[in-house]
Amino acid sequence: MNLLAIECSTEVLSVAVWASGELCERVQDVGVRHGDRLLPLIDAVLADARVDKLELSAVAFGCGPGAFTGVRMAVAAAQGIAYGLDIPALPVSSLAALAQEGYARGAVAPILALADARMGEVYAGGFEVDAEGLVYAVADEQLVAPAELALPGDNIWCAVGPGFRAYAPLLRERFGYRLDAIERSVFPQAAAVARLGARALRAGLGVPARQALPVYLRDKVALTEAERRVKQ
Amino acid sequence: MRVLGIETSCDETGVAVYDTELGLRAHALHTQAALHQDYGGVVPELASRDHILRLLPLVDEVLAQARLTRRDLDGVAYTEGPGLIGALLTGATLAKTLAWALAIPALGVHHLEGHLLAPLLEEPAPAFPFLALIVSGGHSLLMDVAGVGRYALLGDTLDDAAGEAFDKTAKLLGLGYPGGPALARLAESGDSASFRFARPLTDRPTLDFSFSGLKTQVLLAVQRNGPERHADIAAGFQAAVVDTLVWKCLRALDESGRERLVVAGGVGANLQLRERLREGTARRGASVHFPRPAFCTDNGAMIALAGALRLAAGEREDASIHAAPRRELASLTPP
Ligand SMILES: Nc1ncnc2c1ncn2[C@@H]1O[C@H](COP(=O)(O)OP(=O)(O)OP(=O)(O)O)[C@@H](O)[C@H]1O
Ligand SMILES: [Mg+2]
């Protein structure tokens with residue numbers, strides 16, 4: 001079973017191939033436009049893994065939440081590749097991928113994955129880790145202001161991600177000893193998307209290309225004319 | 001060569017298959033007009049969100065219509081720009097990755113080149129060279145077209161595009177968005193002689209256009225008259241725009257010696273404009289070519305056609321997924 005994985009919901013673009021348990025990953029330096037590098041990186045990581053595109057069994061993608069344009073690029077790429085190769089697509093939460101990266105870098109479960117949603121908000125998701133060392137969601141993902149974020153239960157959570165780094169002082173003050181954190185910068189990456197995608201594929205969670213869709217969480221993106229009038 | 005065309009520059013998702021031997025095989029379109037209606041204009045983020053939902057179902061639809069499978073495709077053309085960056089990137093990403101998966105070439109097409117070549121989708125197709133009037137929501141251009149990619153700009157708008165003028169005037173008359181077609185319908189019941197608006201720049205040799213002053217005159221007329229005069233105002237406005245466009249086209253034909261005129265872009269669907277250009281060109285022994293109304297506005301067929309002509313001539317591009325939201329038409333080169 002060979003899986004291609006794509007993640008570009010943050011400024012870090014990465015692609016990976018999971019080939020019967022072996023992982024190869026390519027990560028693009030920050031500051032380069034994702035679109036310029038996506039296909040060359042996919043070719044490179046397939047070559048690293050010695051897998052031909054025709055041997056792929058599915059394509060996993062970070063479906064968000066995250067930067068809209070980046071998320072859509074991963075989704076559109078997953079759609080194009082899955083449709084062209086006639087293979088299923090596997091949506092993987094970009095917050096789950098972030099938690100998985102955090103776990104690989106020493107985070108202790110339960111893990112609070114926080115992505116920067118801009119406009120004073122974060123995307124938040126809570127995760128536990130299963131016997132195989134893979135994260136699974138234990139709380140609904142949400143878009144929330146750091147001042148309104150709640151920690152479920154009474155245990156200690158380990159926060160990871162750009163959303164934590166952007167609001168660290170506030171979050172530490174609010175939660176005190178209940179919030180542990182990975183201080184280093186951690187991003188959702190394709191290696192994690194690949195691992196989580198492989199589990200999803202085994203569980204029969206592949207979808208047809210046209211059902212490979214983004215998760216935005218932020219649904220209100222503009223005011224209608226009527227709403228603008230009320231505001232004035 | 002069978003080419004899939006993908007258009008996502010603004011608020012329509014268009015998909016089509018064009019065959020360089022057999023012509024247009026199939027086309028399908030989803031319009032987002034209803035989605036943006038409450039916002040008074042296109043919301044770029046909402047446009048992108050809709051494109052990604054519609055693209056593959058439309059691809060399935062056109063392949064089924066044409067009785068083809070994805071593996072029968074020889075190339076993918078997509079709109080590279082101008083347009084909304086997020087919307088363009090959505091189509092570009094799908095096009096490039098689909099082509100990569102199928103191991104066929106993908107090529108970005110200039111949106112206005114699509115409009116410009118759209119009359120070639122019809123019978124009889126105009127032969128090169130010709131003059132082209134592109135009158136759309138964002139552009140009013142007069143071009144000399146010697147062949148694919150051989151475009152020279154003869155005239156441009158100094159302010160509003162013709163379609164934009166129609167839409168803004170429609171808004172003044174309370175007709176909603178996008179109001180061009182509604183304004184044209186309202187004008188049918190009005191008397192175009194009862195309001196005489198200026199024909200900007202027709203007293204000068206330039207082939208440039210200007211429509212923003214007209215908008216101001218309409219505003220005054222709307223303020224000074226009751227709603228019972230709206231149809232007359234609409235008719236007067238339409239007559240002024242049509243007169244101006246016709247005058248410039250005929251002048252350009254006379255000056256260039258070209259014998260064919262093609263009209264493209266959404267305003268090209270305007271019946272008054274079509275009628276007047278037919279009369280005017282016939283009197284000069286020239287011909288005028290319009291795409292069917294569905295191919296005047298944004299559509300996948302024109303992108304499939306333009307891409308197919310270039311791909312069949314051997315044009316290729318690198319693997320980068322990109323958009324060109326602001327590229328000039330006259331900067332294009334032949335394949
Ligand atoms: N019958 C008509 N009479 C006048 N205007 C019309 C008519 N039908 C459509 N339009 C106008 O055509 C425009 C839409 O055309 P089109 O779809 O070609 O433009 P666009 O794609 O938005 O702009 P561009 O191609 O320049 O980016 C709108 O401004 C609309 O009001
Ligand atoms: Mg257009």
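In the predicted model, the shell around ligand 1 consists by class of seven nonpolar, eleven polar and two charged residues. Of the 20 residues around this ligand, G137(B), G138(B), G163(B), G180(B) and G266(B) come nearest. Two helices of chain B, α5 (162-172) and α6, each supply at least two residues of the shell.

Helix α6 of chain B also packs against another helix. Two packed helices are described by the angle between their axes and the distance between the axes. For α6 (residues 180-188) and α8 (residues 230-256) of chain B, the angle is about 110 degrees and the axes lie 7 Å apart. Because angles of 65 to 115 degrees count as roughly perpendicular, α6(B) is classed as roughly perpendicular to α8(B). The crossing in which α6(B) passes α8(B) is left-handed. On the side of α6(B), the contact is made by L183(B), A184(B), L186(B) and A187(B). On the side of α8(B), H230(B), A231(B), A234(B), A235(B) and Q238(B) take part. The residues of this contact divide into seven nonpolar, two polar and no charged.

The contact between the two chains takes 26 residues from chain B and 27 residues from chain A. On the side of chain B that touches chain A, the elements that give two or more residues are α2 (44-65) and α3 (85-102) of chain B. Of the elements on this side, α3(B) gives the most, with eleven residues. By class, the side of chain B that touches chain A has 14 nonpolar, eight polar and four charged residues.

Helix α2 of chain B is also the place of D60(B). This residue has 17 C-beta neighbours inside 10 Å. A residue is buried at 20 or more such neighbours and exposed at 12 or fewer, so D60(B) counts as partly exposed. The C-alpha atom of D60(B) is separated by 9.9 Å from that of A28(B), and the two residues are 32 residues apart along the chain.

In chain A, helix α3 (residues 94-104) is mostly covered, with ten of its eleven residues buried. The buried residues are S94(A), L95(A), A96(A), A97(A), L98(A), A99(A), Q100(A), E101(A), G102(A) and Y103(A). Helix α3(A) is followed by G106(A), which has a positive phi, near 105 degrees.

Technical notes
Residues are numbered from 1 along each chain as its sequence is written. Chains are lettered from A and ligands numbered from 1 in the order in which they are written. This is a predicted model: local features need pLDDT of at least 70, side-chain atom pairs count only at pLDDT 80 or more; totals for chains, interfaces and linings use all residues. Helices (H or I, at least four residues) and strands (E, at least two) are DSSP runs, numbered from the N terminus. Two residues are in contact if their C-beta atoms, placed from the backbone, lie within 7 Å. Ala, Val, Leu, Ile, Met, Phe, Trp, Tyr, Cys and Pro count as nonpolar, Asp, Glu, Lys and Arg as charged, and the others, Gly among them, as polar. Axes are lines fitted to C-alpha atoms, for helices over the stretch in contact, and angles run from 0 to 180 degrees between N-to-C directions. Angles under 35 degrees count as roughly parallel, over 145 as roughly antiparallel, 65 to 115 as roughly perpendicular and the rest as oblique. A crossing is left-handed if the near helix is turned anticlockwise from the far one by less than a right angle, and right-handed if clockwise. A residue is near a molecule or strand if its C-beta atom, placed from the backbone, lies within 6 Å of it.
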